[in-house]
Amino acid sequence: MTVAELVEKLKAAHHRADAIARIIGYIVMIQRMGWDKLPLNRTARFGLERTLRLLEIDPLTIEI
């Protein structure tokens, strides 16, 4: 899936522009740093994992 396809999927689900930008930003960070080095506490990491799982997004397969 490309970033453009991801943005269209998120727009179709009625996500706001700031939420879309945040999700794409986290995907870029995950690809560059890996899950282990993300600067998130346990609660924030759980919320991010849950959000990506609910949206059926695998951050490592997104083509940037």
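Student: Let's start with E49. Buried, exposed or partly exposed?

Tutor: E49 is partly exposed, with a relative accessible area of 33%. Keep in mind that this is a predicted model.

Student: Where does E49 lie?

Tutor: E49 is in helix α3.

Student: And how far apart are E49 and W35?

Tutor: In sequence, 14 residues. In space, 9.9 Å, C-alpha to C-alpha.

Student: Stay with α3. What are its dimensions?

Tutor: Helix α3 covers residues 42–54, which is 13 residues. From first C-alpha to last it reaches 18 Å. That is close to the 18 Å expected at 1.5 Å a residue.

Student: Which residues of α3 are buried?

Tutor: R45, L48 and L52. They sit on the same side of α3, because they cover an arc of only 65° around the axis.

Student: What about the other side of α3? Which residues are exposed there?

Tutor: R42, T43, F46, R53 and L54.

Student: What covers the buried residues of α3?

Tutor: The cover includes α2.

Student: OK, new topic: helix packing. What describes a packed pair in general?

Tutor: Two things: the angle between the axes and the distance between the axes.

Student: So what are the numbers for α1 and α2?

Tutor: Helix α1 is residues 3–12 and helix α2 is residues 17–33. Their axes come within 10 Å and cross at roughly 145°.

Student: Left-handed or right-handed?

Tutor: Right-handed, as α1 passes α2.

Student: Which residues make the contact?

Tutor: From α1, V3, L6, V7, L10 and K11. From α2, I20, I23, I24 and I27.

Student: Where is H14? And is it buried or exposed?

Tutor: H14 lies in the loop between α1 and α2. It counts as exposed, because its relative accessibility is 73% and the cut-off for exposed is over 50%.

Student: Now E56. What is its phi?

Tutor: Near 55°. Again, the value is positive and the residue is not glycine.

Student: Where does E56 sit, and is it buried or exposed?

Tutor: E56 is in the segment after α3. At 66% relative accessibility, E56 counts as exposed.

Note on methods:
Residues numbered from 1 in each chain as written. Predicted model: local features only at pLDDT ≥ 70, side-chain atom pairs only at ≥ 80, totals over all residues. Heavy atoms only, no water. Axes fitted to C-alpha atoms, helices over the stretch in contact; angles between N-to-C directions. Helix = DSSP H or I, 4+ residues; strand = E, 2+ residues; numbered from the N terminus. Left-handed = near helix turned anticlockwise from the far one by under 90°. Contact = heavy atoms within 4.5 Å. Expected span 1.5 Å × (residues − 1). Buried < 20%, exposed > 50% of the residue type's maximum accessible area, 1.4 Å probe, protein only. Arc of directions from axis to C-beta.
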